[in-house]
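Could you walk me through this structure in the viewer? I am new to it and would like to know what to select next and what is there.

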Amino acid sequence: MSRLRRLTGWLTTVDHKRIGILYGVSAFAFFLIGGIEALLIRLQLAFPRDSLISAETYNQLFTMHGTTMIFLAVMPLSSAFFNFLVPLMIGARDVAFPRLNALSFWIFLFGGIFINASFLFGAAPNAGWFGYANLTSKTFSEGQNLDFWLLGLLVLGASSLIAGFNFIVTIVNMRAPGMTFMRLPTFVWMTLITQFLIILAFPPITVGLILLGFDRFVGTNFYNPAAGGNPLLWQHLFWLFGHPEVYILILPPMGIISEVLPTFARKPLFGYPVVIYSGILIAFFGFGVWSHHMFTVGLGPVADSAFSIATMLIGIPTGVKIFNWLATLWGGRIRFQTPLYFALGFISMFLIGGLSGIMHASPPVDMQQQDSYFVVAHLHYVLVGGSLFGLFAGIYYWWPKIAGRLLDERLGRVNFWLFFIGFNVAFFPMHFLGVMGMPRRIYTYAEGLNWELWNRTSTAGAFLLGVAILVFLFNALVSLRRGAVAPADPWDGRTLEWSIPSPPPSYNFAEVPIVKSRDELWAQKKGRRSAVPRSEASPEAIHLPAPSHYPIVVAFGIITLAAGALTHLWVSVAGAFLMIYGIYRFAFEYRSGAHG
Amino acid sequence: MEPTPSHPHPSIRTYLMVGAVLTVITAVEISVFYITALARYLAPMLIVLSAAKFSLVVMFFMHLRFDNRIFRWLFAGPLALTIGVVLALIALFLTGH
Amino acid sequence: MIAEIHAGAHALPTSTGLDHRKMGFWAFLGSECMFFGSLIATYMVYKGKSPSGPQPHEILNIPLTSISTFVLLMSSLLMVLALAAVQRGDRLGAKLWLFGTPFFGSIFLAFQVYEFTTFVHEGLTLQVNLFGGTFFVLTGFHGAHVSVGVVWLLSLWVMALRNRLTPVDATIVEIAGLYWHFVDIVWIVIFTFVYLLQ
């Protein structure tokens, strides 16, 4: 096939597996960018009064590092897994709305490019990933840095919301016959819960950003204290999103390791219903704790106590999950392979992060820890030690299924140990630095505070982490070029995705599976049933949704609309027209015969 | 996979009656607004009346009363969360700042 | 194709027997609750906090807004009539009510435009104080939603004019209806908390 046709194939794909790969590759590219930002930060902090990086550039680096890692790396990496695996795990042939799925991806990619394009103008966002008002006002942030930020986040939010609606309908409405909710793989359950978090948490930040946009572009005073506005309104709206967001970041990796542990322990997940209910409780309570990010603003003792108690309560279902994972391993016939290493890394490192989190839950303790490196330590233990380890477990686990090749096991272990050691050397000392009083978001520090040793140690660890990532990249590239061909079921798995070839054919399942239990594939393999049951429906011709170019057209219209706010009104108008045109063609694309 | 059982479908007459009730409630709301004697009870009365209108539109016009309960949960859950969050925000801003 | 297909009465080959699009749309409406809730919360926390500039009791026109509220409520009634017409294959009814609904919606928008321009003339702008800012953003976003609904419904009306709406399309009309009714109930809340409960 000609190169152009192959390219258009990718640009117009509506196949969830291809979209998953697109998400994964893009997310990894952004992850590398975020990683470089981190290394620059660590280089600057390795020595007191360093002048490698100016204060202004430093502000841009830590802002973009946070924004990139959260919105452009971890979330889309999770999306890569949602996309590739959810239909396979529920026995479906695609998601409920394949073209909307493609639309979500293109909006995400263009949004990520948009926000990073700010670097080209020397105007990268620079007020922290959470952009507190009223530093973000036009008065105190004159340049276009924060315009890039708020517009970029609005665009990215649209992508997540659309995907959220899509996956909710997919999981509720496209399960194979017999797959009741309590037979869903844990990863699918965590995905479902995460989508509800997304569709309910993104609206508050959307409003917060809209109000910020009005303040900056139109001259309103929502966050302007001089005119009666209250900067705390921003904090509330932001954290109403921001706290559920951290569960959005951790629940999918928790789902991943809930798949990996049973496979490598050769035992079912211990207490499956309890793990599911804990996930639901975490999400539910996650909406009731947001002001624990605001203990130092003066909410008053009643509010502080309420949020403190709620935050400590959330520790319970979280802890319960950890016990369930340990109990899954206990008594199992464990195979120590790379996915399991990362899963074990997740449990141990997330535990540490959870403990520092519980410390933060006490307002008087948090008074000391807020805005110090103690928080930086905590958040990296849960987001890297937790989310990233979980995602890497997933990468190693599902790579054979996605790529049709095996990753090298020895390189995988080298990757893991370098990652594990580098991570701990980089971030554990930050607990000490926090306790010693080092604040966050400072571009340098004076000598004589005893901060040098741990900062230098942390920098060394960060570079070791970088090497670990390079090892992974090497492993990945070698695998793609000449890795061993992967069988359908390289790990002796338990769930439906292992019942089809690696990589799966475009239609996923030749015959829709009939599900009679949890861990359906395991039940089939271990002979509890005689033959693979056939679907009662007569095998109709497998009709796959046709490719469409309207998703990328609409996405391009949207980003042009956003770009116009930074340049000229007519650019926005052109973008709006393109978007509306694309939406109309999208809506009528399939109307001629079948109803769409 | 069982077919959704066919549900009672409101007739045109029912819709028109709901429309009439909505009109009456709106008229009552506006009257109450202007009757100064009732000023003390204005807030609770208006909240109750508008909640009634809200429910009528949701249950009849949006058909939630007759539809599968999945739709009811999909709406009621987020609605409950929204009300909770709005009340919490109002409370937080009434105290402390 | 049998003319009488009531939405949801026939099962689809989905896990729940329910239509994907209708399910997705209810999820979207749930999300929109949080969106408008955040805007309403913003209005409420800033209520009474404008030290200068026009205040609500000075400028809000209850009689006028009562009429526009009534018009919007009635448009919801016309919407259910439109859906019922499409469901039973009543082409004339569909054309009539699918025009009537956005027509009433446009009357509501006209009232809004009149109100906004009057307020600006009387000194209430987005920038003058927090009441101006929160009022215009809240009602403005609501009005934008109404406008999208008008365009959506007029598109359906054009399809009906071309006799391209059949009972099979009842679901897409129903979904447009859900959107329209939602926009109506948001207005019920706004009318109560912004206009009536000053």
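Here is a tour in a few stops, from domains and chain contacts to the core and some backbone details. Keep in mind that this is a predicted model.

**Stop 1: the domains of chain A**

Start by colouring chain A in two parts: residues 11-535 for domain 1 and residues 552-596 for domain 2. The C-alpha centres of these two domains of chain A are 30 Å apart. Where they touch, domain 1 of chain A contributes 13 residues and domain 2 of chain A contributes eleven residues. On the domain 1 side, select α4 (98-117) and α5 (145-173) of chain A, each of which supplies at least two residues. The largest share of that side, seven residues, belongs to α4(A). By type, the domain 1 side has nine nonpolar, two polar and two charged residues.

**Stop 2: the domains of chain B**

Now move to chain B and select residues 9-66, its domain 1, and then residues 68-97, its domain 2. Here the C-alpha centres of the two domains of chain B lie 21 Å apart.

**Stop 3: where chain A meets chain C**

Show chains A and C together. Their contact involves 28 residues of chain A and 27 residues of chain C. On the chain A side, highlight α5, α6 (186-218) and α7 (231-265), each giving at least two residues. Which of these helices gives the most to the side of chain A that touches chain C? The answer is α6(A), with nine residues. This side of chain A is made of 19 nonpolar residues, eight polar ones and one charged.

**Stop 4: where chain C meets chain B**

Next, bring chain B back beside chain C. The contact between them takes 40 residues from chain C and 42 residues from chain B. On the chain C side, pick out α1 (20-45), α3 (62-87) and α6 (170-196), the elements that give two or more residues. The largest share comes from α1(C), with twelve residues. Sorted by type, the side of chain C that touches chain B holds 26 nonpolar, 13 polar and one charged residue.

**Stop 5: the nonpolar cores**

Now look inside. The largest nonpolar core has 273 residues, and A:Val155, A:Ala343, A:Ala393 and C:Ala82 touch the most other members. Select helix α12 (residues 373-403) of chain A, which gives the most to this core, with 21 residues. Then centre on C:Ala82: leaving aside its neighbours within four places in sequence, C:Ala82 is in contact with C:Ala94, C:Trp97, C:Leu98, C:Thr101 and C:Val173.

**Stop 6: backbone details in the loops of chain A**

Finish with some single residues. A cis peptide bond links A:Ala133 to A:Asn134, with omega about -5 degrees, and A:Asn134 sits in the loop between α4 and α5 of chain A. Another cis peptide bond links A:Ser502 to A:Pro503, with omega about -10 degrees. You will find A:Pro503 in the loop between α14 (452-482) and α15 (520-525) of chain A.

Two aspartates are also worth a click. A:Asp371, in the loop between α11 (363-369) and α12 of chain A, has a positive phi near 60 degrees. For A:Asp519, in the loop between α14 and α15 of chain A, phi is also positive, near 50 degrees. Are they buried or exposed? A:Asp371 counts as partly exposed because it has 13 C-beta neighbours inside 10 Å, whereas A:Asp519 counts as buried because it has 20.

Notes: Residues numbered from 1 in each chain as written. Chains lettered and ligands numbered in written order. Predicted model: local features only at pLDDT ≥ 70, side-chain atom pairs only at ≥ 80, totals over all residues. Domains from an automatic or database assignment. Contact = placed C-beta atoms within 7 Å. Helix = DSSP H or I, 4+ residues; strand = E, 2+ residues; numbered from the N terminus. Nonpolar A, V, L, I, M, F, W, Y, C, P; charged D, E, K, R; others polar. Core = buried A, V, L, I, M, F, W, Y, C linked by C-beta atoms within 7 Å. Buried ≥ 20, exposed ≤ 12 C-beta atoms within 10 Å, placed from the backbone.
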